[in-house]
Protein chains: 2
Amino acid sequence: MSDLPAALSLREVGPRDGLQNEDPVPTEAKVALINALSGTGVGRIEAVSFVHPKAIPQMADADAVWSGIDRNAAVRYSALVPNLRGAQRALDAGFTEIEAVVSASDTHNRKNVNRSTAESLDDIAALLALAHERGATCQVIVSTAFGCPYEGEVPPERVHWVVDRALADGADGISYGDTTGMATPSRVTQLVGETRMRHPELALNLHFHNTRGTGLANVLAALQLGVSDFDASVGGLGGCPYAPGATGNIATEELVHMVEDMGVATGIDLDAMIAAAAEAEQLVGRKLPSQVLRAGPRTRRTPLDDPVTGY
Amino acid sequence: MSDLPAALSLREVGPRDGLQNEDPVPTEAKVALINALSGTGVGRIEAVSFVHPKAIPQMADADAVWSGIDRNAAVRYSALVPNLRGAQRALDAGFTEIEAVVSASDTHNRKNVNRSTAESLDDIAALLALAHERGATCQVIVSTAFGCPYEGEVPPERVHWVVDRALADGADGISYGDTTGMATPSRVTQLVGETRMRHPELALNLHFHNTRGTGLANVLAALQLGVSDFDASVGGLGGCPYAPGATGNIATEELVHMVEDMGVATGIDLDAMIAAAAEAEQLVGRKLPSQVLRAGPRTRRTPLDDPVTGY
């Protein structure tokens, strides 16, 4: 596996995608979690989203969280926005890096923001112009890129159509969201491979959920194509509303643990990230799905007088 | 990913490796689980182990389980044995396919069977001769092949030494056990690649635990090297004594779900395996780690009036 990227740029999305899918937690707790994450060596944190508080009450305190954290100069903080109004709020709050989101699947997009994919793309065109006017960058996240829980298969051609439109309107990067964990490695290889052919210079981020256990296998398939930009969530924070007990994003410490052992640098202090995962677990008051949080890294030794570990 | 194997041969190890690491369950429940698994299309089931009941009380009823099940002519049933005495019991019970186990790590082997790896290999030589004399086949499982929880790294040379010895003594196949989930994809590529170079015709099985979340990524790395024989445990049955809450084997239905979507046939009816996982969950009375058991396959549709599923 000598052709893997030498280093990854990871974006920690636990405070946003994670907490958005948990029971609401106090503002101070969010601030403490982001501060802990800021000290792990992770280079990017998606800190909040500016969505309507009626839609996602968990994010109603976005301004307070953002003004409350200790900003680490070595970390790039960003905010997710679902529409032009959210972008205005994020830019007014001082964010210089935002993520706009649109679903490749029309049905999912309508469920999320009550308009078609094409209508959201029109809104995003205005949003991109505004962000650039204000000196900010904006990545466009394509949700349901590997499948839609309502519609089923999402043809790669549909994803390419969204990407082409977003890039034509000035998107600074693209992220593919595997919203409900419908990706498998061969689908990653196909969609990412086709995207690379169409846009060789594109800054492409991948955002996997581990809803069906394939998260790290999907990362491996993407690494083999040279992708070096991934989202992950501390502790695997974030549930999945439609499937009680199912997990959300891939866990940051699991991703770091695997790729660092493969010689791929992340810049993240694994012990610090595991400690942050333990803090996140305390915060939400339920057992998080991260295996590395439970078992520790592979370098952890079992005391000799412990019971034997089977075969 | 066009060079993946067209089909896999999977061995279901839930009744043995799974239940061995759970609180004891009644004999009739084990029989019911094996009967359910026998109807899923899986081609091989490791049904029991013949270990000393003082060492593993969960397996004290191996004879009763074996005589109680409805044997499906399309399924190959096997038994795991830790030593010559266990092999005699398995052969006397009528098994024609057994697995002998030895740890590459001396410390792990001593903890398991109170003797060195070399001493176990001597015992296995006699065991192989006995099995062949009685018309049975015997695979040798090399535990801790990707690392030892007591010693740490296990050099591939040590694994090769065990394999060379077992093959010289007549082993019909080899399995590499990732006993405590210390494998990562690059380690799989290295060890399996070297093994293939040394023994191109070897029947090689891989037995991954998902203790640190890398199980399916390791499977992907092995598939890419042409490995087509894997162990898995229904529901991810089987804990890990040294790390409370950590998972055991990779879940059969997660493996089937991923590889079938990639065009790799398993012969297994995914719905039937998910139903068996639900039965296993009832049996042990705790939530099993399988994500596909929770979320269902990627083909499952969410009703349109369900709450939205995020990004």
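Analyst: Here is a walk around helix H7 of chain A and what lies about it.

First, some ground rules. This is a predicted model, in which local features need pLDDT of at least 70, side-chain atom pairs count only at pLDDT 80 or more, and totals for chains, interfaces and linings use all residues. Residues are numbered from 1 along each chain as its sequence is written, while chains are lettered from A and ligands numbered from 1 in the order in which they are written.

Helices (H or I, at least four residues) and strands (E, at least two) are DSSP runs, numbered from the N terminus. H7(A) covers residues 156–168, which makes 13 residues. From its first C-alpha to its last it reaches 18 Å, close to the 18 Å expected; that expected span is 1.5 Å times one less than the number of residues.

Now look at its two sides. A residue is buried if 20 or more other C-beta atoms (placed from the backbone) lie within 10 Å of its own, exposed if 12 or fewer, and partly exposed in between. In H7(A), the buried residues are A:Val159, A:Val162, A:Val163 and A:Ala166. They sit on the same side of the helix because they cover an arc of only 95° around the axis, the arc being that of the directions from the helix axis to the C-beta atoms. The face turned away from that buried side carries the exposed residues A:Glu157, A:Asp164 and A:Ala168.

What covers the buried residues? The cover includes strands S4 (97–103), S5 (137–143) and S6 (173–178), along with helices H6 (117–133) and H8 (185–198), of chain A.

In chain A, eight strands form a closed barrel, S1-S2-S3-S4-S5-S6-S7-S8, with parallel pairing; two strands pair if DSSP finds at least two bridges between them. The twist averages 25° from one strand to the next. Seven bridges join S4(A) and S5(A) in the parallel sense, and A:Val101 stands opposite A:Ile141 in S5(A). H6(A) lies across both S4 and S5 of chain A and runs at about 170° to S4(A). For such angles, axes are lines fitted to C-alpha atoms (for helices over the stretch in contact), and values run from 0 to 180 degrees between N-to-C directions; contact puts two C-beta atoms, placed from the backbone, within 7 Å.

Finally, step past the end of the helix: H7(A) is followed by A:Gly170, whose phi is positive, near 105°.
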